[in-house]
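Hi everyone, thanks for making time this morning. Let's look at the model together and go through some of its helices and strands.

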Amino acid sequence: MTSASPRSAAVTGLGALTPLGPDVDALEEGLLSGRSGVRLLDEPEFADLPARLAATVDLDGRLERVEARTLDRVQQVALVAAREAWAHAGTPDVAPERLAVVIGSGIGGALTILGQDQVLREKGPRRVSPHLVPMLMPNGPAATVGLEIGARAGVHCPVSACASGAEALAVALELLRSGRADVVVAGGAEACVHPLPLAGFAQMRALSTRHDDPQGASRPYDKQRDGFVLGEGAGVLVLETEEHAAARGATVHAHLAGAGLASDAHHVTAPDPSGAGAARSIAAALKDAGLTATDIGHVNAHATSTPLGDIAEVRALHAALGDHRPAVTATKSCTGHLLGAAGAVEAVATVLALRSGVVPAIRNLDDPDDEADIDAVRTVPRELAHDAALSTSFGFGGHDVSLVLTR
Amino acid sequence: MTTASTLSRTELIAGLAEVLEEVAGTPADKVVPEATFDGDLDVDSLTMVEVVVACEERFDVRIPDEALEGLRTVGDAVDFISGAAK
């Protein structure tokens, strides 16, 4: 079964800059060894915050100084991951008019807007950077990557909070299916580790405050979970029409077989406890891929480690998959929650698990919640040769996006 | 801060070269009087605003937007800065 189909896209390049390390290899090694990228924010500006945990990336030396100074950190992480993915794909020879970019972000250039607000207050309007607007706009990462590779078939930026990265891949799949592009560089980027967003998430009581055990703080499905850990980074995939990938003899790492989108219309931030919208997105993704529940070997769950969200998703999985209980992993237990980059990084992780036949374990799942009636991969990675996997992403605003990837 | 009135033309060019290196990565040897900002030095309009602001701070002068039009080359900028500094 699986492999290429008339409606699938070939995944020919992977890139990831994550709290687990500088590239896709570091992500794979980190997930399989169960490393945590979470740390205590001990810098003075975070001292007064009720939640002081984050999973940050190391950008030192990744970009030229002059290149970096006109790019917000979210654009920088996107560019680093896109360069890796583009090189990994073998820098495809494609007409610019047939090359598109779709890079989502949940927050955009928050660090620039906050930093320049301070410049405005302290030094006045004539000291505000002329690069402010292109650095703060949410489509900045997409625009930066589009300029980098010379994409002229369209540059897009889905914004759907924590579903942005997954939605970007869904949009990319449509661009390829509809014939608007032959190659799409798609993913998500986020970089908003700053006291203000952290304070805002903390006021929602959405963040873990397990300060005495940072690496144990992100613990999806565990009874002791108390919120998510804010992460930063980017994930980028190079997607091509199957024909284009085959014609140039590209190495195909997996296929994006289907995408399903829905919305809750329940509450702006709280998950629908029934998981109905999430379930509809999963069912839609399966149908879009031409598969059924029993084809799914593993799920890379959204599972952010919040008390309500994790269980709502369990209900969604049951509603959409019936009695089928695929292996479930939750890689945010290692990476933290990369918001608008999460869906893209997790799509990369899903491709890696399909390719290697090894599903990473959920870190910190010591005592599973009684309601987490799932086949969770715990303690050690699980060898599981399988042909199809599901990756789910849900965002504030009630956005539900599910992706089906195949080997 | 150094006031432009005390600087020679050569010193002004050297100072401008440092500004251009900082904001645009321009090699110092390209910063010669006849070099155009948008052509020879590849300084786009946004970066030019940064160059202006940095020069205002460095040389303690005011470069109004109306003057920007006339600053096509490094030489134009040096002339303006030395003329503005009284």
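This is a predicted model: local features need pLDDT of at least 70, side-chain atom pairs count only at pLDDT 80 or more; totals for chains, interfaces and linings use all residues.

A definition to begin with: the expected span of a helix is 1.5 Å times one less than its number of residues. Helices (H or I, at least four residues) and strands (E, at least two) are DSSP runs, numbered from the N terminus.

Residues are numbered from 1 along each chain as its sequence is written, chains are lettered from A and ligands numbered from 1 in the order in which they are written, and side-chain values use heavy atoms, with hydrogens and water left out.

Now to helix H3 of chain A, residues 73-88. Its 16 residues should span 22 Å at 1.5 Å a residue, and the end C-alpha atoms are 23 Å apart, which agrees. At the start of H3(A), a side-chain oxygen of A:Asp72 comes to within 2.8 Å of the backbone nitrogen of A:Val74. After H3(A) comes A:Gly90, with a positive phi near 80°. Several residues of H3(A) are buried (under 20% relative accessible area, with exposed over 50% and partly exposed in between, using a 1.4 Å probe and protein chains only); among them are A:Val77, A:Leu79 and A:Trp86.

On to the sheet. Chain A has an open sheet of eleven strands with mixed pairing, in the order E5-E4-E6-E8-E1-E9-E16-E15-E10-E11-E13. E5 (155-156) and E13 (375-376) stand at the edges with a single partner strand each, so one side of each has no neighbour in the sheet. Two strands pair if DSSP finds at least two bridges between them.

What surrounds strand E6(A)? Eight of its eight residues are buried, so E6(A) is largely enclosed by the rest of the structure. E6 (residues 183-190) pairs with E8 (residues 233-241) of chain A in the antiparallel sense over eight bridges, and A:Glu190 stands opposite A:Gly233. Strand E4 (residues 99-104) of chain A runs parallel to E6(A), joined by six bridges, with A:Ala100 opposite A:Val184.

Conventions
A polar contact is a pair of N or O atoms within 3.5 Å; within protein, one must be able to donate a hydrogen and the other to accept it, and residues adjacent in sequence count only if both atoms are side-chain atoms.
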